[in-house]
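Let's walk through this model together, starting with its charged side chains and ending at its surface.

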Amino acid sequence: MYPTGISSEVGLIYIALQFIKASEKYCIRMPNKWNYSFDYFYASILVLLVYVPGSPHMYTYMLGQRKKALANSKTA
């Protein structure tokens with residue numbers, strides 16, 4: 001299920017990008033009292049850029065944890 005979940009999350013974020021950009025719902029524009037700006041569209045792109053190359057690392061880590069858990073259950 002892990003590869004399917006990762007690919008569906010990436011696909012859904014990619015499909016939603018056009019709606020995120022059009023709505024600007026979670027964007028904070030300057031000037032404001034915190035002097036801070038945030039754009040949800042660019043944050044979503046950043047998540048995609050980190051998620052895609054990071055997914056093999058997450059998957060291999062999960063396989064290692066699974067192997068360790070199954071090895072412990074056989075010895076007990």
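Glu 24 and Arg 29 pair up through their side chains in a salt bridge, with N to O at 3.4 Å; the term covers a side-chain nitrogen of Lys or Arg within 4 Å of a carboxyl oxygen of Asp or Glu. Side chains of opposite charge can pair when their charged atoms come close. Glu 24 is partly exposed at 43% relative accessibility, and Arg 29 is partly exposed too, at 39%. Partly exposed lies between buried (under 20% relative accessible area) and exposed (over 50%), using a 1.4 Å probe and protein chains only.

Bear in mind that this is a predicted model: local features need pLDDT of at least 70, side-chain atom pairs count only at pLDDT 80 or more, and totals for chains, interfaces and linings use all residues. Residues are numbered from 1 along each chain as its sequence is written, and side-chain values use heavy atoms, leaving out hydrogens and water.

Arg 29 also forms a salt bridge with Asp 39, where the closest N and O atoms sit 3.7 Å apart. Both Asp 39 and Arg 29 are in the loop between helix 1 (2-23) and helix 2, 10 residues apart; helices here are DSSP runs (H or I, at least four residues), numbered from the N terminus. Through shared partners, Glu 24, Arg 29 and Asp 39 end up in one network. The structure holds 2 salt bridges.

Now for helix 2 (residues 40-75), which supplies 3 residues, the largest share, of a nonpolar patch. Leu 63 is in helix 2 and is partly exposed, at 35% relative accessible area.

Terms used
Helix = DSSP H or I, 4+ residues; strand = E, 2+ residues; numbered from the N terminus.
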